[in-house]
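Dear colleague,

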Amino acid sequence: MSTILYLAHTECDGGLSKVALETLTAAKSLAEGLGAELAVGLFGADVAAAADSVAGCGAKFYAVTDALLNDAVYASDLAAAEALAKAVGPDMVVAPATSRLSRALPGLAVRLDGRVDTHLSGLEAKDGKPAARRWFYRQRMEGALTRDERPWIVTLDSGCAAAFAGAGSADVQAVAADFSGVRTRSLGVECVSEDEQTIRPDANVLLVAGAGWTKKQADGGVHVDVAEQLILGFLGATKASLGSSKSLVDISGEGGSVISFLTHMHQVGQTGASPRHPKGLSTCCHGEEPHVVGWRFIGERRAINTDAGCGWAQGKCDVLYVADAFALMTKVNELLG
Amino acid sequence: MGNVFHIVVCGSIVPDPLQTLTPQVGPTGPVLQNEMMLPAVLDPWAGHALYEAANLAKNNPGSQVWLVALGPKAKLQQVMMAVSQKAPFQLVVADGSASGFTDAFETARVLAATIDGIAGLDKSKLLLFGGWQSASRGSGAVMQMVGERLGVTEQFQGVDKITVGADGSIEVMERVEGGAYLKSVVDGAPAVMGWATGELPEPPNNPQIGMQNMQKNMPALMQAKPADLSGASLRFETVQVPQQRRQTRVVKDAPLEEMAREIVEWLKA
Ligand SMILES: Cc1cc2nc3c(=O)[nH]c(=O)nc-3n(C[C@H](O)[C@H](O)[C@H](O)COP(=O)(O)OP(=O)(O)OC[C@H]3O[C@@H](n4cnc5c(N)ncnc54)[C@H](O)[C@@H]3O)c2cc1C
């Protein structure tokens, strides 16, 4: 009987992330579809709470625990993953595409002489075989693929399945890993405070700011200070996540009239992020293709632009409001209270 | 003595992002329509890695930069005319497909073998740079596998900043979820860095550097050996561009209050 190893790490609160729970659902239904056995491999400083939180999945549990695994470091994370995989001997390794596993798991393919496919958008059993889907060319086309090499290591992006729920009491078998060669030391995560945080992956709404906010307006002036207040006011009222066009972050980086809280991490698009939110509101952004490919996973889309002929009008959003975003967002913020 | 690095940047070409891409079935799997005719650019995140490498080499005298590219050599040559003007580097070419549909493992195997063949490369000084994802496959998996094959097991992905200490240690800032940075320190080379945007703007064109680069790099293009990427069983059932056109409703000449109310109702729904 073949075995599927679901692999995940604990978060700083000792639990599992949302994408990790979603991936467990996908791994479990794949195992059922293939008639395979499901094993769960966890690593972290202490995995007891995480294991109990998903004990109802019916798998056999394995874990590598060590204080070192409190922090994400490629070499120690991979050593833990390798030890778990060697203890289980799976045909497939299925893991969430967290930044931590996205960094570490491709290396596992070399260590196990397997193959790896990352950032899957779908995984299922088809005609008794595992079949995957993922995007190519920066979210411009989706491919359905399969392969014969084993072990096949895959990571799944958020949105592939519903989050697994089923707590209980897990019986976890300890596995030892070798961390002796690790030369990297974590200095911790530099987080922005909750008030200052503007990238919120789990937010309901994405607000995108474009370079128009820093351009000369109808009165001949530039009003970046007002733009900042409007954007922050909206984020404060809605707890939306903030994204940006490339032009706007490039201006910010080059010392032009800048929106002070924007960095390259806010950039959405071909050379930026492809965030996942149910709704997106674009403001002062032209909606050019290299930007809009980053909206692949945004459900409902609306845009505000003074130009009725901007890119958004070309079938890229559901509603385009032809208006001055300074005036319209002032009103929107007023109504949001 | 200062730090001396041997910096190998892995980077190839991708279709210009302004092009419309259409997949079609080729003899051995999916390809892009008119792939060889599409204008190409240096893969953007690999480009950032190259600029960071050049800057690091400039600040650490005695260091060297190689650009290792797996791609079709005719197209590489066109793109290199432009890239050569940006920073000094030694080009090393494996002549093969730069398609997003080739297997990441095979790509890594060819790149690692190509790097292994570089004369004068001191692996104890090696910093293996590349983009943290390509704009073609977007797997974010190749650099890790190249590193593992070369025995480089200290690795970083989504790197935006590195700071080299006097003792050769390197502090690294990597992007993680929620706009935060993971900060780590590695005691020195060798290491793998998959770069995100980094901190440097694209360097201006320098025709003199371009001339020097092309003089030494033309032979590398001429001598490029064909790369065998055929080892994988990866099979595509379909590759499709999704139907993405929406029925856009354009709201024009309506009172601002009305638009604002509609937006707020939609946000709250
Ligand atoms: C290799 C490459 C990669 C790229 N990658 C990306 C990427 O990842 N992400 C990305 O975003 N772009 C990317 N681009 C750039 C992209 O092609 C566009 O240049 C960019 O998205 C434009 O940004 P923008 O719409 O904010 O700015 P602009 O094109 O300057 O548009 C500003 C808009 O603001 C509007 N405006 C001005 N004032 C107001 C007002 N008061 N109210 C309402 N509207 C107003 C204007 O009508 C205009 O439409 C890439 C390009 C290349 C070549």
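Which residue does B:Pro23 stand opposite in β4(B)? The residue is B:Leu32. In this predicted model, strand β3 (residues 23-26) and strand β4 (residues 29-32) of chain B pair in the antiparallel sense over four bridges. Two strands count as paired if DSSP finds at least two bridges between them, and the strands themselves are DSSP runs (E, at least two residues), numbered from the N terminus. β3(B) and β4(B) form a hairpin, with two residues between them.

As to conventions, residues are numbered from 1 along each chain as its sequence is written, while chains are lettered from A and ligands numbered from 1 in the order in which they are written. Local features need pLDDT of at least 70, side-chain atom pairs count only at pLDDT 80 or more, totals for chains, interfaces and linings use all residues, and side-chain values use heavy atoms, with hydrogens and water left out.

In chain A, strand β6 (residues 129-136) is mostly covered, six of its eight residues being buried (under 20% relative accessible area, 1.4 Å probe, protein chains only). Strand β5 (residues 115-126) of chain A pairs with β6(A) in the antiparallel sense over six bridges, and A:Lys126 stands opposite A:Lys129. The hairpin of β5(A) and β6(A) has two residues between the strands, and A:Asp127 in the turn has a positive phi of about 50 degrees.

β6(A) also pairs with strand β7 (residues 141-146) of chain A, in the antiparallel sense over five bridges. There, A:Arg133 has A:Ala144 as its bridge partner. This hairpin has four residues between its strands, and A:Tyr137 in the turn has a positive phi of about 50 degrees.

Yours sincerely

Key:
Buried means under 20% relative accessible area, exposed over 50%, partly exposed in between (1.4 Å probe, protein chains only).
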